[in-house]
Amino acid sequence: MTERRSDGAWEPIARQLRQTDAGLTRIFPSPPNSLCLLDALGHEAVAVTRDSVTQGRELGTRIGGLIGQLQVFDTISRCPILAITGLLNAGKSSLLATYLSPANRPRVLRGVGNQQGTHRFVLWLPKVWWDDPDLLNTLLAFVTNLFGHAPERLSDDPHTAAQQYNGCVLSNSLMRGQTLDADEVDQGSARSPDIDPMSIPLVAYDDNLDALRVGLIDCPDIQTGFVSAADVAHGETVHRPSDMAAQRREQLARIGRLCSAFIVVGKLSSLHDDGLLQILTTLRDAMPGVPRMLAINKIKSRYAPETVAEEAQGLVDRFGLNAVFGAYDYRSSLASSRIPSAPPKMLSGDGEQPIFFELNGAGDNSANRKYLFNLGDRLDAGQLSQASSRSLVLQLKTQTARGLEWLESNQQQRLQQIRDAWQTIADACYEFMAERDASGKATGLRLQASPAIISQMADSLRRTAPMWMRVSLNIDRTARQFQQAISNSAARFTILKSASESVSQFTKKFRRGEGAQVVTPERLAETLRRCDRHDSLEQVPRETLVAECEIAMQRFAEENKTLLDEAELNKWSEQVWQDMSWRDKLWKGTQPLAVVMAPLLAVVLVPFDGGGSAVLVFASTKELLAAAGLAALLGPATTGGEALSIVHRETPWRQLSDLFAIGCDCLGLPRPKTSAQMPVVKCGSSPRPLLVSQLEIKTGSFPPAVQQWDIAAEQLQALRGLLRT
């Protein structure tokens with residue numbers, strides 16, 4: 001069994017990232033919900049755009065992978081894994097074979113031909129690791145997650161193992177969380193045609209690694225211009241060599257998440273090869289801070305160790321290599337004087353093996369010679385694991401900081417999206433309520449001509465009418481009955497012929513867009529789209545938008561109870577009668593007030609004439625009087641100027657603010673909570689914010705247009721503090 005050692009630096013960060021109560025809380029819509037910070041990254045409800053979703057998910061995957069790596073390293077803290085990689089025919093497999101017992105060396109594919117190349121990752125474990133079920137299952141689970149497929153056990157038969165090295169997958173050898181006995185391996189299984197062999201690593205064990213206290217990974221050949229013979233043999237599409245090399249470098253970076261150190265094998269003649277430089281760049285960027293050693297193989301005898309070390313110094317400085325080792329070509333008799341004796345623990349076996357020693361310029365006979373074979377003795381296993389963990393913790397902190405930036409950026413974008421949507425709704429509603437002059441400049445606001453306001457105006461005119469006109473006022477009750485009947489049943493009644501004619505003429509003008517704005521759900525939806533300059537509501541389908549507009553208009557017609565100021569309205573009514581000529585007064589005095597007010601009462605008819613109840617009418621007092629043909633009978637004081645403006649000085653602002661608030665509810669947006677948050681519209685010469693509505697907030701029947709999430713400042717501060725330590 002291995003000792004459990006935990007560095008602990010990453011665990012508080014991981015807890016903060018995974019704690020739901022230390023994550024994001026949904027503040028809109030209700031009911032509240034919570035997400036841990038790790039789950040929030042890339043969550044569609046949190047991200048504002050599709051690009052942001054992709055970016056967040058990539059960050060979440062990286063952070064989750066780093067936490068998984070750190071958990072594995074915590075479990076195998078005394079079990080570092082060294083990866084051996086390099087260029088084609090550089091001697092990687094020969095170096096790996098030096099660590100193994102003679103019985104297992106034949107299972108390592110060696111040679112210079114394409115059929116002797118390494119085309120899959122091969123993980124060699126110490127026997128003691130293999131016998132530890134918890135440790136082995138942890139490793140297998142991590143490797144499966146790393147590659148996307150369960151690993152395959154390397155066959156004990158050298159011939160079958162060679163086939164596996166070259167891409168043959170024995171499906172019955174796949175390991176799914178447990179070991180397989182030798183008799184369970186189907187040596188005759190055919191290569192699975194639907195599985196990429198590069199995505200299925202091979203796993204084996206060797207008891208000679210127990211004393212060395214390391215695990216090893218034999219990495220696939222990576223060489224520009226190299227194409228796998230296995231792919232050609234199976235009739236597969238052969239990709240460009242450069243593409244294959246890039247793919248294998250990417251896989252090398254992925255397997256680096258499991259490794260504590262890297263040994264890059266090359267020849268002296270290839271120290272400046274682009275392929276070698278790309279490998280060193282990949283390792284430096286994928287696992288910064290993890291030990292990386294350069295092993296130069298097959299050195300000719302004419303090159304002294306210090307000469308080779310000097311030649312490699314540029315790579316040491318550029319890529320931060322920890323050491324450079326060299327092995328002279330044992331096949332050359334001239335090199336025998338350069339080759340030191342084998343390290344004591346290296347088993348000789350049947351053939352000669354390359355002997356790598358550190359090229360430190362101390363000369364051939366240095367008593368302090370350091371062997372690559374003894375790396376486990378030279379660097380304590382715990383130190384290797386700690387070095388890798390430090391690198392992973394650094395990466396975890398970096399990626400977590402980026403994750404926080406992503407979350408904060410999305411919060412800011414969401415707030416801006418909501419502000420843009422607020423402004424869109426305010427501008428769209430204002431378009432219908434704004435009264436403009438010939439140049440298009442807004443000069444005032446129209447009223448939503450509700451039955452309650454029309455009745456209020458009629459009552460005011462009746463109260464302020466001359467005493468001698470009271471006879472006609474009694475007939476006004478008939479007009480009220482007419483109004484109520486229209487409101488309740490949409491039936492058409494005839495009070496007086498002149499009143500009916502006025503109503504008909506008035507509604508026709510409204511339909512033509514003269515003197516007022518008749519708003520339908522379709523018109524409101526189109527105006528919202530036109531005013532949405534920042535595409536804040538683009539995710540709402542048109543059919544849904546029209547339906548939401550209809551609900552908003554129905555709610556506004558039912559719930560808006562805004563009335564005119566009685567005192568100011570009476571002043572206006574008095575001015576109406578005062579400015580009317582005696583001739584007109586005599587003529588009006590012989591008619592029911594219903595005839596005089598017929599155009600105002602006609603607004604009740606408009607919704608039904610328009611084909612449904614979800615229709616709103618906006619008109620100024622001046623427009624109502626003009627449409628009824630009454631403006632010509634009145635003086636300028638009652639058809640324009642201060643006397644007229646006092647009638648609806650604040651009322652339309654309250655109506656506009658209520659319509660805006662209901663629009664937010666129905667479109668699935670939170671309402672502004674303070675006056676400072678309210679959108680601003682420009683009426684006349686100065687901009688003015690809308691008023692905070694007092695109407696009850698009601699959740700819309702459609703899915704919300706946005707979700708708003710928040711993270712507590714103290715939790716954010718705590719996590720940032722952990723990232724600084």
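This is a predicted model: local features need pLDDT of at least 70, side-chain atom pairs count only at pLDDT 80 or more; totals for chains, interfaces and linings use all residues.
Grid points are joined across faces, edges and corners, and a volume is the space filled by probe spheres set on the points. The lining, made up of residues that have an atom within 4 Å of a point, includes Ile425, Cys429, Glu548 and Leu659. At least two lining residues each are supplied by helix 14, helix 19 (521-531), helix 20 (542-559) and helix 29, helices being DSSP runs of H or I with at least four residues and strands being runs of E with at least two, both numbered from the N terminus. By class, the lining of this cavity has nine nonpolar, one polar and one charged residues; Ala, Val, Leu, Ile, Met, Phe, Trp, Tyr, Cys and Pro count as nonpolar, Asp, Glu, Lys and Arg as charged, and the others, Gly among them, as polar. The count of cavities of 30 Å³ or more comes to seven.

A pocket, by contrast, is an open set of points with protein on both sides within 12 Å along at least five of seven lines. The largest pocket has a volume of about 630 Å³, and of the 31 residues that line this pocket, Phe28, Leu669, Pro670, Arg671 and Lys673 are the closest to its centre. Strand 1 (24-28), helix 14 (381-433) and helix 29 (651-666) are the elements that give two or more residues to the lining, and the largest share, five residues, comes from helix 29. The lining of the largest pocket comprises 18 nonpolar, eight polar and five charged residues.

Strand 1 and strand 2 pair over two bridges, and serine 34 in strand 2 is the bridge partner of threonine 25.

A further open sheet has nine strands in the order 5-6-4-7-3-8-9-10-11, with mixed pairing. Its edges are formed by strand 5 (152-153) and strand 11 (357-358). Strand 9 (residues 292-299) and strand 10 (residues 323-328) pair in the parallel sense over five bridges, with alanine 323 in strand 10 as the bridge partner of methionine 293.

Four aromatic pairs are found in the whole structure, rings of Phe, Tyr and Trp (its six-membered ring) being paired if their centres lie within 6.5 Å, and the planes counting as stacked under 30 degrees apart, as edge-to-face over 60 and as tilted otherwise. The rings of tryptophan 130 and tyrosine 205 have centres 4.8 Å apart and planes at 40°, so this pair is tilted. Tryptophan 130 lies in helix 5 (residues 127-130) and tyrosine 205 in strand 6 (residues 202-206), 75 residues apart, and the pair thus links distant parts of the chain. Tryptophan 130 is buried, with a relative accessible area of 9%, whereas tyrosine 205 is partly exposed, at 25% (buried means under 20%, exposed over 50% and partly exposed in between, with a 1.4 Å probe and protein chains only).

Residues are numbered from 1 along each chain as its sequence is written, and side-chain values use heavy atoms, with hydrogens and water left out. Local features need pLDDT of at least 70 and side-chain atom pairs count only at pLDDT 80 or more, whereas totals for chains, interfaces and linings use all residues.

How values were computed: On a 1 Å grid over the protein atoms alone, a cavity is a set of points where a 1.4 Å probe fits but cannot get out, and a pocket is an open set with protein on both sides within 12 Å along at least five of seven lines; lining residues have an atom within 4 Å of a point. Two strands pair if DSSP finds at least two bridges between them.
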